[in-house]
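User: Hi! I would like to learn how to read side-chain features and sheets in a protein model. Could you walk me through some examples?

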Amino acid sequence: MPADAILDRLRAAADGTTTTDGRHTDGLPSQAAAGRTDNPDGPEPVRPAGEQDAIAGVPARYVAMPRDTAQAAALLRAAAALDLAVTFRGGGTKQDWASPPRRLDLIVDTTALAGVVEHAAGDLITVVRAGTGLDALAAALAAAGQQLALDAPLPGGTVGGAVATNASGPRRMLYGTARDLLIGVTLVRADGVVAHAGGKVVKNVAGYDLGKLVTGAYGTLGLVTECAFRLHPLPAAAAYVTRRVDDAAEAGRLAGTVRAAQLVPAALEVDAPAGGGAAVTVLLEGTPAGVAARVEAAARLLGTDATAADQAPEGWGRYPWRDGDTGLKLTAALSGVPRLLADARAAADRHGVPLALRGSAGVGVLHAGVPGTAEPERVAGLVDALRAATAAVAGHAVVLTAPPTVRDRVDLWGPVDGLALMRRVKQRFDPDARLAPGRFVGGI
Amino acid sequence: MSTTTTDLTALAAALRAAVGADRVLSDRQELRTYECDGLAQYKVVPALVALPADAAQCAAVVRACVAAGAPFVARGSGTGLSGGALPHADGVLIVTSQMRDILEVAPSDERAVVQPGVINLAVSRAANPHGWYYAPDPSSQQICSIGGNVAENSGGAHCLKYGFTTNHVTGVELVTPDGDRVRLGGRAPDAPGYDLLGAFVGSEGTLGIATEVTVRLTRLPESVRTLLAAFDSTDQAGAATSAIIAAGVVPAAVEMMDALAISAAEAAVHCGYPPGAGAVLIVELDGPEPEVAAQFDQVERLCRDNRAFEIRIAADDVERALFWKGRKSAFAAVGRISPDYIVQDGVIPRTALPEVLRRIGELSAERGIRVANVFHAGDGNLHPLVLFDAAVEGQTERAEEVSGAILDLCVRHGGSITGEHGVGMDKAKYMPRMFTADDLDTMQLLRCAFDPAGLANPGKVFPTPRLCGEVPGRRKGVHPAQEAGLAEVF
Ligand SMILES: Cc1cc2nc3c(=O)[nH]c(=O)nc-3n(C[C@H](O)[C@H](O)[C@H](O)COP(=O)(O)OP(=O)(O)OC[C@H]3O[C@@H](n4cnc5c(N)ncnc54)[C@H](O)[C@@H]3O)c2cc1C
């Protein structure tokens, strides 16, 4: 079938869609999107893909940029009828994550599906379109003294991308992760059907929580087009208290001491660069008077050479790796954090690979980075060792991103509990396996 | 579908083989003990009751049900208020009351591992000596089970700050509707793969039976301070709540009662709230001492600014308990002022409170049905208590009308038909008011993945079951474009 016929079909689908469902907010013109519908300078809704659109080396044929849920639904209906394999793209910051899709025809890019639909400050909630940049959202909410308390480790990400990859950062210790903050979701299924779950009130137990199901699903179950989030007030004061120590395990032990105290930190991080040494940092948020008192208590707890600062230490909340490196997420039962830090360091020494460790010791999540220049065989050996080290502390080691030479040699996900059930879920939501096939656990 | 006597005899034998004869009930008198949950207006006597002692037995019971094609319903303590644990007449009620062991309290991991029948409060009692507790605190916490909490995603007064059950469960072991034992999550966060744990919590027993639950423990706060403020009207109390939230304070709890609810509580437990109050607010702050100290004065001032005519501050735990006593006993207390009542559970955006309360007042006046209001004011979760006398002709129907109209109000204001009591049997019919047919169909895709045969707690949550059909595979043969009638386009 000629490629331009498919392009025409997709363009026809994108044209002239309207939304009528009065019960939900999708389809309402958002402030950011308003007036753009007829804008000839706006992005073309469907175009042929270019080289820069390849996802982890897999070329795409078409790129669609829907502006609202209805248009996304029409496009996905057409894609279903045309049997096109589809991958979703937000800011494109994590397209080299996970495995490349097995099959790829159409990229649905959400960056035109942007804007704040609603911000009910008095109710501490917001409804936003999935392609909205996290930075833009933060700026909009800050005007009302509020925040979506979700740290984005990579700049330039969208709301939808953060949800799809379950991205999290230091302050998850106090505020939880995307799954905890997401209170409602609009998604478009593989067959183009629009579905909602949850709502826009914080407390709600009506129906299944599909928001949790699609959080961290890497777009393999459907396209998230709108999210409703619970918000928090911006704290009146914040301070970072840091203590440097000799090694990673020592930092882990200190973190344990902080957890047992009454500081209620917003974040409790360790940072152990490949070159040696380590630091523990406690972030305290609250009232000016409260924070001042807690900074003193934290400094007493951490030791005399602890230092307090208004600014975050360097690298705070960022992954300890760069583009082209291997990046892992390591998890542990809390009591196992010091041991994991020690074992990971020992494993890196054994395999002769530099390993940077950084993360939320206060919740049992660490990130690990290995330079892209490291020999793939050694990295693969290290991944096995890290997997054993996390298993020993009831956790997991997942390779989030890796250069192709490493990716080919390792199992990215490791053992997955409940995989059989997950396959069944995937089969129900996407029976033809067209949504990012092969990108997720167990080849889902 | 109705089960014949022979089928039932065979099933009973299979259950006895699975759990032992003394843990299977088939005597009608004994079965009747389980005919309803906390919503006593629905009653169904189950065909059989099984009381497994552990996960392996629970799985064996489910497999016996699968083999017999018999539906099964899980039951914890039976305190649910939406008929979620209402038995199936042809099915097996699987009761977790013999699975009440706290398997581990691990403060160093901030976790406890418990069997599903363990009572909510027992977890905190076990963790308290170490300085920790289990945060979700439904008012029924002295009797409800953790398994039931997981199934309902239960909340409590302190969920405003601390979140709901789903934010405090990090792992479950479940028996799937096929009878398989599966672990989801665990002690560490963020297990790889789909967040099936998140989907399971709140699924009301329709995706399987939780046989072990790993919960997060929370550090006991260094400081807790509570005040009770009396206002002339709920509007003023609502305005005070708004002012507190707008000031960026996140209290542990903000609870409101109106005049009728207060008078019921007075009659029942003599809580001694300020006389003449049209509304009382209970505001509790907890956390590090310096933070609580800084914010408590602010809260007190905001209550005064919004015309609280009396403010009491709990001097100690005893006084605090007294403040809470009136609130926590409110449901039962209305029994003192009305022969019958409906406990409603709906949610509105908090800012819509004055408008919604006014409309509830109008509804109440129009139908001649009194409504007492108790709510989690911080998060807009209303518990209107609709009072009636079933002995008076027509009152039951009018009370149900008022109760249903309140849910419509919630939906119209962008809220929910349930904030914590669940959909169960009772509210399945209201689901289409909140969700489209496509929404419900999509939710049931999940159901079909877990339970294609529809044996786990059928008839709950969804107004109409979805036929799951075969697991669809990749299409072969005709090109899908052709199949969809699009081929001629090319
Ligand atoms: C006076 C009173 C006050 C209440 N206050 C609150 C409150 O403040 N907040 C609140 O949220 N709720 C409240 N409730 C409702 C009720 O207590 C909760 O829903 C509670 O979680 C139910 O627990 P249970 O053990 O009694 O469950 P049941 O009533 O036995 O069962 C409830 C549901 O859970 C399912 N279930 C039970 N065990 C399992 C299991 N192991 N695996 C899978 N499914 C299972 C059942 O099938 C059913 O669908 C209150 C109830 C009463 C009577």
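Analyst: Happy to! Keep in mind that this is a predicted model. Let's begin with a charge and a ring: the charged end of B:Lys328 sits over the ring of B:Trp324, 5.6 Å from the ring's centre.

User: Which residue lies over the face of B:Trp132?

Analyst: That is B:Arg219, at 5.6 Å from the ring centre.

User: Now for two rings together. What describes a pair of aromatic rings?

Analyst: Two things do: the distance of the centres and the angle of the planes. Over all chains, the count here is eight aromatic pairs. Take A:Tyr218 and A:Trp413: their ring centres are 5.7 Å apart and their planes stand at 90 degrees, so this pair is edge-to-face. The two residues come from distant parts of the chain, 195 residues apart. A:Tyr218 is in the loop between α7 (210–214) and β10 (223–230) of chain A, while A:Trp413 is in the loop between α12 (404–407) and α13 (419–429) of chain A.

User: Are A:Tyr218 and A:Trp413 buried or exposed?

Analyst: Buried means under 20% relative accessible area. A:Tyr218 has 12%, so it is buried, and A:Trp413 is buried with 8%.

User: How are the rings of A:Tyr240 and A:Trp316 arranged?

Analyst: Their centres are 5.1 Å apart and the angle between their planes is 85 degrees, so this pair is edge-to-face.

User: Which residues do ring pairs link into a cluster?

Analyst: The cluster holds A:Tyr218, A:Trp413, A:Phe440 and B:Tyr194.

User: Let's turn to cysteines. How many disulfides are there over all chains?

Analyst: A search of the whole structure finds one. This disulfide joins B:Cys448 to B:Cys468, with an S to S distance of 2.0 Å. The torsion about their S-S bond is about -80 degrees, so the disulfide is left-handed. B:Cys448 lies in helix α16 (residues 437–450) of chain B, and B:Cys468 in the loop between α16 and α17 (480–483) of chain B, 20 residues apart. With relative accessibility of 1%, B:Cys448 counts as buried, and B:Cys468 counts as buried at 12%.

User: Finally, how do I read a sheet? What is the strand order in the open sheet of chain B?

Analyst: Follow the strands from neighbour to neighbour. The order of the five strands is β5-β6-β10-β8-β9 (chain B), with antiparallel pairing. The edge strands, β5 (102–106) and β9 (181–185) of chain B, each pair on one side only. From one strand to the next, the twist averages 10 degrees.

User: Which helix lies across β8, β9 and β10 of chain B?

Analyst: Helix α3 (residues 55–68) of chain B does, running at about 50 degrees to β8(B).

How values were computed
Residues are numbered from 1 along each chain as its sequence is written. Chains are lettered from A and ligands numbered from 1 in the order in which they are written. This is a predicted model: local features need pLDDT of at least 70, side-chain atom pairs count only at pLDDT 80 or more; totals for chains, interfaces and linings use all residues. Side-chain values use heavy atoms; hydrogens and water are left out. Rings of Phe, Tyr and Trp (its six-membered ring) pair if their centres lie within 6.5 Å; planes under 30 degrees apart count as stacked, over 60 as edge-to-face and the rest as tilted. Helices (H or I, at least four residues) and strands (E, at least two) are DSSP runs, numbered from the N terminus. Buried means under 20% relative accessible area, exposed over 50%, partly exposed in between (1.4 Å probe, protein chains only). A charge sits over a ring if NZ of Lys or CZ of Arg is within 6 Å of the ring centre and within 35 degrees of the ring normal. A disulfide is a pair of cysteine sulfur atoms within 2.5 Å. Two strands pair if DSSP finds at least two bridges between them. Axes are lines fitted to C-alpha atoms, for helices over the stretch in contact, and angles run from 0 to 180 degrees between N-to-C directions. Contact means heavy atoms within 4.5 Å.
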